Amino acid sequence: MKIDCHMHVNGKRQNWGWNDNDKIIDAADRLGIDKLCCSIPIMKGMPNPKEVKECNDDVLDCMKRYPNRILGYCFVNPADWEEALLEIDRCVMQNGMMGIKLYNQFKCSDPIVYPVVEKAIEFGIPILIHAGYLTDPPQAQNQPNLSHAGDFAELAKEYPEAMLIEAHIGGGGDWEWSIKSLKNSPNVYLDTSGSVIDEGIIEMAVRELGMERLVFGTDMTMEGGVGKILGAKITDAQREMIFWKNMQSILNKKKV
C-alpha cells in the first residue's frame, strides 16, 4: 500500500500540466499508489478569500469524483486569519478534508500562522507546509518567506502537539542541513517528495530522524517519488512505514 502525502490536482486556477485529473489517477494506478493527499495552492502573492475558496472547491470536486482516492488539504492564507479559520471549518469539518496546506505567503514560524496551527491541533489534522533551504541567492530572493527547517523547529517548539509536515526534502536546496536541523523536533515529519533524487537522501533521513518521521510523497514527480523509496538501502519494514503506515497513523488522529 502507498499513501502519497503530497500531491496536487488540476483546477480552474492551476493546471500542473496533466490536463485532466484522470491522468493522475491512471499514474497512481500504475505505480500502486492507493490514496493521494492533494491541494491546489496559490503560489504567488497574497490570495484573497474568494481565490482561496475557488482552489479548495476544485479539490472538493476531485474528492467527490474520485472517492477514497483523493484526500484533500485545505489551502489557506493566514493573512486574514479569521477568514482562514472559517475556510478550514468549511473544508475540514463540513466537507471532510484531512489537513491544511500552507504555501510561502508567510514563514511558518511567523506568529500570524499561530491561529491556523491551533485550529489544526483542535481538529487533530496535519499541516503540510511548502519548504526548502535555498542556497542560490536569486532563487532565495524569489521566495523571501519560504520556510526552512529552522522555522519548523521553532514552530514545533512553540506547539509540540501540532503535526507538521515539511514538504519535499527533494525539492531543491541543502537537504542535508534540513534533515540535521529537524533532529530535535519530534512532531515534524519530513515528506520525501521532490524531483531531486540524490543518492542517500532517504537513508540519511532514516538514520537521523527515524523511520517513524518520514512520509512518502511525490509532489507531481510520481515515478521518481516511488523510485527513491524502492531504491533506498533500507529494510522492508522501514519502507512500509514510509510508504503508508506513518501517514495512516497521522490520518487516524483526526478528531472531526
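Leaving aside its neighbours within four places in sequence, with which residues is serine 193 in contact? The residues are His6, His168, Ile169, Gly170, Gly171, Gly217, Thr218, Asp219 and Lys228, where contact means heavy atoms within 4.5 Å. The structure is a predicted model, in which local features need pLDDT of at least 70, side-chain atom pairs count only at pLDDT 80 or more, and totals for chains, interfaces and linings use all residues. Residues are numbered from 1 along each chain as its sequence is written, and side-chain values use heavy atoms, with hydrogens and water left out.

Serine 193 is placed in the loop between strand E7 (188–191) and helix H8 (201–209). Helices (H or I, at least four residues) and strands (E, at least two) are DSSP runs, numbered from the N terminus. Because its relative accessibility is 0%, serine 193 counts as buried; buried means under 20% relative accessible area, exposed over 50%, and partly exposed in between, with a 1.4 Å probe and protein chains only.

One of the contacts of serine 193 is His168. Histidine 168 belongs to the loop between strand E6 (164–166) and helix H7 (175–181). Its phi is positive, at about 35°, although the residue is not a glycine. Histidine 168 is buried, with a relative accessible area of 8%. Asparagine 19, in the loop between E1 and H1, likewise has a positive phi, near 70°, in a residue other than glycine. Asparagine 19, however, is exposed, with a relative accessible area of 58%.

The strands come next. An open sheet is formed by 8 strands in the order E1-E2-E3-E4-E5-E6-E7-E8, with parallel pairing; two strands pair if DSSP finds at least two bridges between them. Strand E1 (3–8) and strand E8 (214–215) stand at the edges with a single partner strand each, so one side of each has no neighbour in the sheet. Helix H1 (residues 21–31) packs on this sheet and touches E1, strand E2 (35–39) and strand E3 (70–75), its direction making about 145° with that of E2.

Within the sheet, E3 and E4 run parallel and are joined by 3 bridges, and tyrosine 73 has glycine 99 in E4 as its bridge partner. Strand E4 (residues 99–102) also pairs in the parallel sense with strand E5 (residues 127–129), over 3 bridges. Here leucine 128 in E5 is the bridge partner of lysine 101. Both faces of E4 are covered, with Gly99 and Lys101 buried on one side and Ile100 and Leu102 buried on the other.

The axes of helix H2 (residues 49–65) and helix H3 (residues 81–94) come within 11 Å and cross at roughly 15°. Axes are lines fitted to C-alpha atoms, for helices over the stretch in contact, and angles run from 0 to 180 degrees between N-to-C directions. H2 and H3 are therefore roughly parallel to each other; angles under 35 degrees count as roughly parallel, over 145 as roughly antiparallel, 65 to 115 as roughly perpendicular and the rest as oblique. In this pair, Pro49, Val52, Lys53, Asn56, Asp57 and Leu60 of H2 meet Glu83, Glu87, Arg90 and Cys91 of H3.

Helix H9 (residues 222–230) and helix H10 (residues 236–251) pack at an angle of about 155°, with their axes 10 Å apart. H9 is therefore roughly antiparallel to H10. Val226, Ile229 and Leu230 in H9 meet Arg239, Ile242 and Phe243 in H10.
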